[in-house]
Amino acid sequence: MTAKNNKQQINTSRINPSSTDVVRVVQVTDCHIFAEPAGCLLGLNTRESFEAVCKRVSKEEWKADLLLATGDLAQDASTEAYQYLADYLERFDFPTFWLAGNHDNTQTMQEMFNNSKVLPHKQIITEHWQIILLDSSVPEMVHGSLSKKELAFLEFCLNEHPNKHSLVVLHHHPVDVHCAWLKNIGLKNKKAFQKVIEKFDNVKGVLWGHIHQEYEQQHNGIPYIATPSSCVQFEPGSKEFCADTKAPGYRYLNLFSDGRIESVVHRVDNVEFTVDYSIKGY
Ligand SMILES: [Fe+2]
């Protein structure tokens, strides 16, 4: 399939941010919602923590222009989990754009995320920026990979708007994040991904979820950024799976018109959560 065909299949969304100088983006990730409202991950009710995160988002001093929901949105890929998410996200007065994680089912998401606020577009265009959302999920696998189609779509978008700053978004980590147990469950074809990125000088940031922890490092002069889960956190630097005691959170990003990205992680520290830290897997 050619990049042109990809482009025809995946519509572009044009956003007019409230400011001409900055696009304000909220990233909420790894919500792990269950069909069952009482569903818990490591003892933590994921609907309660997601709702606490969303309430904190709605109190942001500067209202977001859009929300990026970056995968593992459902734990069980159920229609009930996606319906709950679609209904909840529809309450915001800005749109949500989404991509799939290893726990998700892309087709079910496409079917269930069909309201006026939860949008299917994978290329978001503003005056100065484009945001490109890639599907790195591989059915039945925990690791990620970008198909030829996804890589062609990325290349097409970067080619199409050489004068726009670009933020590339996916679920799996495309670099080593210094946790031994996460090494084999990141993006498998990270070299192919890097090869595309290196061809262009308009990529100003790479953003993902999956690792349930805060991460930000420069690679080849580009910020590579990951964000805590809206539920359970994983301990940075751990050799084996280890839940962290940090609170659920999200990231607020400012994409400036000169290509700079400034971002901050916010957590819902004022809400009590019960996480079973004795569990050694997820
Ligand atoms: Fe996750």
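**View 1. A77 sits in the loop between β5 and α3.** Helices here are DSSP runs (H or I) of at least four residues and strands are runs (E) of at least two, numbered from the N terminus. A77 isn't a glycine, yet its phi is positive, at about 55°. With a relative accessible area of 21%, A77 is partly exposed; buried means under 20%, exposed over 50%, and partly exposed in between (1.4 Å probe, protein chains only). Keep in mind that this is a predicted model, where local features need pLDDT of at least 70, side-chain atom pairs count only at pLDDT 80 or more, and totals for chains, interfaces and linings use all residues. Residues are numbered from 1 along each chain as its sequence is written, and side-chain values use heavy atoms, with hydrogens and water left out.

**View 2. E140 is another non-glycine residue with a positive phi, about 70°.** Look for E140 in the loop between β9 (129-133) and α5. Its relative accessible area is 79%, so E140 is exposed.

**View 3. The iron ion has D30 (OD), H32 (NE2), D72 (OD) and H212 (NE2) as its protein donors.** They lie 2.2 to 2.4 Å from the iron ion; donors are N, O and S atoms within 2.8 Å of the metal (3.2 Å for Na, K and Ca), and water is not among the atoms, so sites may look incomplete. Along the sequence, the spacing reads D-x1-H-x39-D-x139-H. H32 comes from the loop between β2 (22-28) and β3 (40-41), and D72 from the loop between β5 (66-70) and α3 (79-89), so this pair ties together parts that are 40 residues apart in sequence. H32 is buried, at 0% relative accessibility, and D72 is buried at 0% too.

**View 4. Helices α5 (residues 148-160) and α6 (residues 190-198) pack with their axes 10 Å apart.** The angle between them is about 10°, which makes α5 roughly parallel to α6; roughly parallel means under 35 degrees. Axes are lines fitted to C-alpha atoms, for helices over the stretch in contact, and angles run from 0 to 180 degrees between N-to-C directions. From α5, the contact uses L151, L154, E155 and L158, and from α6, A192, F193, V196 and I197; contact means heavy atoms within 4.5 Å.

**View 5. H173 lies in the loop between β10 (165-169) and α6.** At 3% relative accessibility, H173 is buried. Leaving aside neighbours within four places in sequence, H173 touches several residues, including L182, W208 and H210. The C-alpha atoms of H173 and K183 are 9.1 Å apart.

Terms used:
Angles under 35 degrees count as roughly parallel, over 145 as roughly antiparallel, 65 to 115 as roughly perpendicular and the rest as oblique.
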